[in-house]
Amino acid sequence: MSPDALITHLVGASALILVAAHAAGWAARRLGQPYIAGQLVAGMALGPSLLGGVAPGVYARLFPAEIDTALTGFAQFALVVFLFAVGYELDLKVLGDRARTTVTVALASFVVPMAAGTGGALLFREQLSGLGMPRDPSPAVLVFAGLALSITAVPVLTAIVRENGLAPTVPGVVAVSAAGLLDVVCWTVLAGTMLDSGDGHALTWPWRLLLAAGFVLLMLLAARPLLRRLLWRAGTSPALRPALLIGFALASAGVSHAVGLHVIFGALLAGVVTPREPDGTLDPDLLRPLNDVGSLLLPFFFVVSGRAVTLNTMGTAGWTALLAVTVLAVLTKVGSGTWAARLGGLGRQDARTVGVLLSARGLTELIALDAGLRAGLLSPDLYTVLVFMALATTLLTQPLLRLTRPQGGGERTRPPYDAGPAARPTPAGQDGTRAAPVADLS
């Protein structure tokens, strides 16, 4: 294919991806579902299983193999910008005086699904071998199986909390705070899993661990003061700051990939070490362009992820596994979150609300699954099952929430006056939560 033809195909495919993904997201929102659900469906519809199966000639013409690298590059760029914003907004100070309850909920909603996923991968390894998984799974595969059930999508959860009027309530604040803490735990475990994934990296995992630890220390000790000096220096143009920080995030992602980690860890770490405003608040002039870039390019990630879904090879075993994994994913999250919230003193209805909210997986799950597939921890068939599980749990969150809170009420809809500063409503973007999710993922 000539360079001119390649550019023509890439521009045309990009236009189709952007229009289809955002139209599907808009339709999903109209149906009362998260924006991400529509975008993910659009990504799968444009993949080889649906469009490629119905009209293989059209699919081959729209998405020739020559543009795969460019589409993957757009997807990875969008991922780095999105996760940089996640890391920048992460602030565990939001726990406030509810730290004990929040930590209990976060740990329970991590440990129980993790144990269920790891145990299930061991007990049903014969059945999973029918989906392309090894009969004797490695420790990294087992840990990743548990992690796939443990993840909660903070952006989707935060949007659901806000749209249902739960932001100033006890269950809303506890769920968002616990999900933020859970994010830290899950990304840390995933980083360790990638170190021992056996993905053919030239360095052995002890060397990769040593280099990763050195990289983290360098970022924490040197990058933050250097960035603060650059960002807050008199005369620095506000338009230059997003460009510098996105470049910093890309460089950090590149280094993390070079030492044997996924690019997602470098992007997250770059966001975490980026200094905030002098008074500790988020910089809206920085978040706005990050959100704009993420909103524009994240559909490429959905399409690239959706193209790896192989519906035509699922079979009876795949659909049975999907049903079992989805039920297990919902029950372990809702059950553990509800139990821990009750243990923390919440009423029945509020505790069930916390459990239901923590069951939403969405984009965070897709990012982890994509990393697992690339590292060889998932077979294509099991990847397809887990992608559909992520979509199903995301779609089920809103109906389950309506069943749990039919009138939007609860035993105690507003936090007590002495519940701590994090319990009170704060201006968008001031409390470390994702008040304006990248790409409007709600």
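Predicted model: local features only at pLDDT ≥ 70, side-chain atom pairs only at ≥ 80, totals over all residues.

Reply: Residues are numbered from 1 along each chain as its sequence is written, and side-chain values use heavy atoms, with hydrogens and water left out.

Start with helix H2, residues 35-45. (Helices are DSSP runs of H or I, at least four residues, numbered from the N terminus.) One partner of H2 is helix H18, residues 380-404. The axes of H2 and H18 come within 10 Å. They cross at roughly 150 degrees. (Axes are lines fitted to C-alpha atoms over the stretch in contact; angles run from 0 to 180 degrees between N-to-C directions.) H2 and H18 are therefore roughly antiparallel. (Over 145 degrees is roughly antiparallel, under 35 roughly parallel, 65 to 115 roughly perpendicular, the rest oblique.) On the H2 side, the contact is made by Ile36, Ala37, Leu40, Val41 and Met44. H18 brings Val387, Phe388, Leu391, Thr394 and Leu395. (Contact means heavy atoms within 4.5 Å.)

H2 also meets helix H14, residues 284-307. Here the axes come within 7 Å. The crossing angle is roughly 50 degrees, so H2 and H14 are oblique to each other. From H2, the residues in this contact are Ile36, Gln39, Leu40, Gly43 and Met44. In H14 they meet Pro299, Phe302, Val303, Gly306 and Arg307. Look at Ile36, Leu40 and Met44.

Now a second pair. Helix H6 (residues 99-123) and helix H15 (residues 315-343) have axes that come within 8 Å. Those axes cross at roughly 150 degrees. That makes H6 roughly antiparallel to H15. H6 contributes Thr104, Val105, Ala108, Ser109, Val112, Pro113 and Ala116 to the contact. Among the H15 residues facing them in that contact are Leu328, Thr332, Lys333, Ser336, Gly337 and Trp339. Ala340, Ala341 and Leu343 of H15 belong to the contact too.

Next comes helix H16, residues 348-357. H16 is mostly covered, with eight of its ten residues buried. (Buried means under 20% relative accessible area, exposed over 50%, partly exposed in between; 1.4 Å probe, protein chains only.) The buried residues include Gln349, Asp350, Ala351 and Thr353. Val354, Gly355, Val356 and Leu357 of H16 are buried as well.

Last, the charged pairs. The count comes to two salt bridges. (A salt bridge is a side-chain nitrogen of Lys or Arg within 4 Å of a carboxyl oxygen of Asp or Glu.) One joins glutamate 126 and arginine 135, at 2.2 Å from N to O. Glutamate 126 has 47% relative accessibility, so it counts as partly exposed. Arginine 135 is at 48%, so it too is partly exposed.

The other bridge links arginine 374 to aspartate 370. Their closest N and O atoms are 2.9 Å apart. Both residues sit in helix H17 (residues 362-374), four residues apart, so about one helical turn separates them. Arginine 374 is partly exposed, at 44% relative accessibility. Aspartate 370, at 4%, is buried.

Terms used
Helix = DSSP H or I, 4+ residues; strand = E, 2+ residues; numbered from the N terminus.
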